[in-house]
Amino acid sequence: MGIPNALAYSISQISGVSVNSFKITSATAGDEVSSGGRFTFLLPSQGILDLKTSKINFSVKTTGSGTRLPKYATSLIDQLIVRMGGVTVSQSQSGLYGVWNTIQEETGQTHQNEVAGHRECMATMKMDGGLLSADVNETYDTGIGATSALFEVNLGEMAECHPRLLDLSLLPQISIEVVLAGTSVLSAPYDSTVQRGTDDNACSVNTITSIGWSMLRPSLQANMYSLMSGAYENALRSRMEQTGFLQVCFPNTVAFQQAFNGSARFSVAAQSLNKLTTVFRRRDFATIGGFVPLAGYAAHSKSEAQLNNVGAGGVAKGGITRYQGKFQQFSLPTLFPAYNDISGVTATGTEAMDYGNSTVDKELTMQYAIQSALVPQYPVNQGEMLNLTCWANNIDELPDCKSHAEYFYNKCIFAFPLNLPHEAQDKCTLSGLSTVGSNAFIEVKASGGNLDSQHYDALIFASTTSILRIGSGKAIELLN
């Protein structure tokens, strides 16, 4: 039986540790890459790479009247592809990388840097201190942004691999291909300076909607180690001789997108299916628009604040105002409030947030089906969905959600776990559902009198664990 760390007197020592950081530029990127473009980084062939802390750094240039960047810097990435010796090891679903990372943020699975992660939609001030007003676009190609990389993203799901430090000398040439998102991730508010006037025009689209963006000077900051003693290399060589290979595990998420008519069905074969996650997004998300307000913060059409006057104390035109982009708004697919009741645009500005209205008098339930097995065992209503989502993500609460209105209107996530819970320091454990050889059909279905089956897409994510086997001579085998 082990003893607590508080009682342990043991000391570990590794000699000859050398630490350094390297800046890797892309031969295919240049100084500016337009939206929808792609470029590749080639990693060194020697050294031990810290996958968790190595980042892709860049600045951003936008064009168009009133253009704003989305929440989370990862929203600017459309796809991240990791190849080893030409073999694709990790590949996000095209078009859904930013969506999945938004879900990861909202469920507390990842947390981007508060400074370099662009965690908020900017309304009145840019991240570098520049002021924003009507028709002014949020761009970072002047001032400090003209020479410095202000933003960063991690290496995707490979950043969560175990072990965290990867000896590159054991592997063939690693390349990381980055595909940039299109303009649908941008917003174009008419006027985001809510201090002026009675209507919050941040939620109305700018009259000039020809907008665009590009990534400036992308580079990869590779944080690396080396060990001079040779003990580590000898231990790896001994392990490889005993078992024939080394194993690296990392998360691998498979994504599906379908028009939602009350149910959505897909199939997946995986050695460890860990979690199912579904969000519902309005089909008109790609049409350029203004910001979407987060329910419960400052009022979005009048001067009063909502949710107990957060940060305002009832002061007119006061309080905290927060937004998200249309592409990352996940809502409960309800008939009432309707999908096109956009708060902040109309005079009343409360329709899409008022889930206590007398018209919301019918239940909406959801459930997954794996082959013929139902999970959970009963159809859960919209309140019970939240508990299952927290269970699936091993959290006590959604870390940045303050009310039912915000959950239903902005951050409605329906997840269900299929593996054992884990702690932060646990070793990689495969405990999820195995569907290898069966290609299991999985369905998410909803029912009830308040279900909207015409105006939403279902975005479904199957979280699995992949195993990378590393053999002698830099041979690799991928097990999904």
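Mentor: Take the second largest pocket: 30 residues line it, and His 162, Pro 163, Tyr 232, Leu 236 and Gln 247 lie nearest its centre. On a 1 Å grid over the protein atoms alone, a pocket is an open set of points with protein on both sides within 12 Å along at least five of seven lines, a cavity is a set where a 1.4 Å probe fits but cannot get out, and lining residues have an atom within 4 Å of a point. This is a predicted model, where local features need pLDDT of at least 70 and side-chain atom pairs count only at pLDDT 80 or more, while totals for chains, interfaces and linings use all residues. Residues are numbered from 1 along each chain as its sequence is written, and side-chain values use heavy atoms, with hydrogens and water left out.

Trainee: How much space lies in the second largest pocket?

Mentor: About 860 Å³. A volume here is the space filled by probe spheres set on the grid points, which are joined across faces, edges and corners.

Trainee: Which element supplies the largest share of that pocket's lining?

Mentor: α2, with five residues. Elements supplying at least two residues each include α2 (231–243), β11 (212–227) and β12 (246–260). Helices (H or I, at least four residues) and strands (E, at least two) are DSSP runs, numbered from the N terminus.

Trainee: How do the lining residues of the second largest pocket divide by class?

Mentor: Into 20 nonpolar, seven polar and three charged. Ala, Val, Leu, Ile, Met, Phe, Trp, Tyr, Cys and Pro count as nonpolar, Asp, Glu, Lys and Arg as charged, and the others, Gly among them, as polar.

Trainee: Back to α2. What follows α2?

Mentor: Gly 244, with a positive phi near 95°. The helix α2 itself has 13 residues and reaches 18 Å from its first C-alpha to its last, close to the expected 18 Å. The expected span is 1.5 Å times one less than the number of residues.

Trainee: Which element gives the most to the lining of the largest cavity?

Mentor: α1, with four residues. By class, that lining has nine nonpolar, 11 polar and two charged residues.

Trainee: And what about the second largest cavity?

Mentor: About 60 Å³ of space lies in it. Among the residues lining the second largest cavity are Leu 43, Val 82, Met 84, Ile 174 and Ile 176. The elements giving two or more residues to that lining are β6 and β10. By class, the lining has 10 nonpolar, no polar and no charged residues.

Trainee: How do β6 and β10 pair?

Mentor: In the antiparallel sense, over seven bridges, with β6 at residues 77–84 and β10 at 174–180. Two strands pair if DSSP finds at least two bridges between them. Leu 80 stands opposite Val 178 in β10.

Trainee: Which sheet holds them, and in what order?

Mentor: An open sheet of four strands, in the order β3-β10-β6-β7, with antiparallel pairing. The edge strands are β3 (38–42) and β7 (87–91), each pairing on one side only.
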